[in-house]
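User: I'd like to learn how to read a model like this one. Can we take it feature by feature?

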Amino acid sequence: MEILSIIVAFCGGFVGASIGAIPAFIMTGFFAIISGILGLSGISDNTLGIIAFGPFFGPHITFAAGAAAAAFAKNRRNKLESSQEILTPLFGKNDPAILLVGGLYGILGYIIWYLISNQTVLITDFPAVSVTGVLIINRYVLGNTGITGKPLNGQKKVWKPTTIEIIHHGLFGAVLGLLVIIGAKQLIGVGISEENMKIYPVLIFGISAFSLIFLQAGWSIPITHHIAYPAAAVYIMSGSIVVATIFSTLNSIGWVLAAKIFNTDCDTYIDPPAIVIATSLLIANLVF
């Protein structure tokens with residue numbers, strides 16, 4: 001771990017807070033799409049780990065920092081309506097302290113990523129683990145509700161998805177997963193090599209992340225990267241349409257569960273997609 005890496009991570013977190021968590025994540029998606037297309041075309045791309053998943057727009061640095069800084073902006077500076085407001089660029093709040101906090105969380109995200117990516121015992125999506133780690137730590141630093149929240153007026157926490165939520169999200173996850181898997185099969189069918197197909201999950205992740213530009217614009221579109229990306233990754237690992245579809249279905253439902261457990265009755269944001277991705281890909285790597 002070099003001092004230059006720490007400085008760059010601070011800068012990434014500072015910028016992530018400035019432009020906002022979701023806008024930063026959209027940029028992650030944009031550059032992941034470029035790298036994915038280049039990789040599928042057989043063109044070597046050395047920028048993926050620096051731009052899309054590094055200090056420029058790596059979600060463990062820019063997105064996590066933006067989400068954590070939003071909690072600071074609300075809970076410590078009272079400059080946001082909600083501590084879970086991750087769509088708003090924080091530069092416009094005219095408060096340098098908010099951006100500096102983002103920089104510090106950028107460093108934290110890099111340190112967590114550095115530590116876990118240098119072990120080979122438990123393999124998963126390390127940026128997703130880092131995002132989760134940063135925001136759990138942030139819950140205890142800037143929040144008062146604990147990891148699973150504190151319902152108001154002594155009410156009991158509702159954490160189980162309803163039947164309609166399970167059906168709705170499960171069906172969407174299955175269909176989206178099949179779309180991603182069939183897309184992979186068609187690419188293989190037109191001659192994309194097995195080696196080049198390894199980048200396919202990155203392309204799918206990028207498309208899902210970039211689609212949040214419509215969420216940023218105010219449209220209530222579904223969040224999909226926790227469904228589509230693991231579906232692509234599991235299919236590439238296992239070669240099984242059935243297994244990959246099971247993962248996509250369960251991940252879609254898992255998002256609802258994680259959101260209810262970690263983001264209801266809470267005063268900071270913890271990212272449900274990151275939890276689902278980290279968990280599902282840990283399982284997939286243990287199995288395959």
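Analyst: Start with accessibility. Phe-30 has a relative accessibility of 35%, so Phe-30 counts as partly exposed. Keep in mind that this is a predicted model.

User: Is Phe-31 buried, exposed or partly exposed?

Analyst: Partly exposed, at 24% relative accessibility.

User: And Ser-35, buried or exposed?

Analyst: Buried means under 20% relative accessible area. Ser-35 has 4%, so Ser-35 counts as buried.

User: Where does Ser-35 lie, and which residues is Ser-35 in contact with beyond its neighbours in sequence?

Analyst: Ser-35 sits in helix 2, residues 21-40. Leaving aside neighbours within four places in sequence, Ser-35 touches Asp-45, Thr-47, Leu-48 and Ile-199.

User: Next, aromatic pairs. How many does a search of the whole structure find?

Analyst: The search of the whole structure gives 10. Take Phe-10 and Phe-14: their ring centres are 6.2 Å apart and their planes stand at 40°, a tilted pair.

User: How are Phe-10 and Phe-14 placed in helix 1?

Analyst: Phe-10 and Phe-14 are four residues apart in helix 1 (residues 3-19), so about one helical turn separates them. Phe-10 is partly exposed, with a relative accessible area of 24%. Phe-14 is also partly exposed, at 28% relative accessibility.

User: Why is the pair of Phe-30 and Phe-31 edge-to-face?

Analyst: Planes over 60 degrees apart count as edge-to-face. The planes of Phe-30 and Phe-31 are at 80°, with ring centres 5.1 Å apart, so the pair is edge-to-face.

User: Which residues do ring pairs link into a cluster?

Analyst: Phe-25, Phe-53, Phe-63, Phe-205 and Tyr-229.

User: Last topic: helix packing. What describes two packed helices?

Analyst: Two values: the angle between the axes and the distance between the axes. Here, helix 6 (residues 163-189) and helix 10 (residues 241-263) have axes that come within 8 Å and cross at roughly 140°. Helix 6 is therefore oblique to helix 10. Their crossing is right-handed.

User: How many nonpolar, polar and charged residues does the contact of helix 6 with helix 10 have?

Analyst: The contact of helix 6 with helix 10 has 10 nonpolar, eight polar and three charged residues.

User: Which residues of helix 6 and helix 10 meet?

Analyst: On the helix 6 side, the residues include Glu-165, His-169, Phe-172, Leu-178 and Lys-185. On the helix 10 side, Ile-241, Ser-248, Trp-255 and Lys-260 are among them.

Key
Residues numbered from 1 in each chain as written. Predicted model: local features only at pLDDT ≥ 70, side-chain atom pairs only at ≥ 80, totals over all residues. Heavy atoms only, no water. Axes fitted to C-alpha atoms, helices over the stretch in contact; angles between N-to-C directions. Helix = DSSP H or I, 4+ residues; strand = E, 2+ residues; numbered from the N terminus. Parallel < 35°, antiparallel > 145°, perpendicular 65-115°, else oblique. Left-handed = near helix turned anticlockwise from the far one by under 90°. Contact = heavy atoms within 4.5 Å. Nonpolar A, V, L, I, M, F, W, Y, C, P; charged D, E, K, R; others polar. Buried < 20%, exposed > 50% of the residue type's maximum accessible area, 1.4 Å probe, protein only. Phe/Tyr/Trp six-rings, centres within 6.5 Å; stacked < 30°, edge-to-face > 60°.
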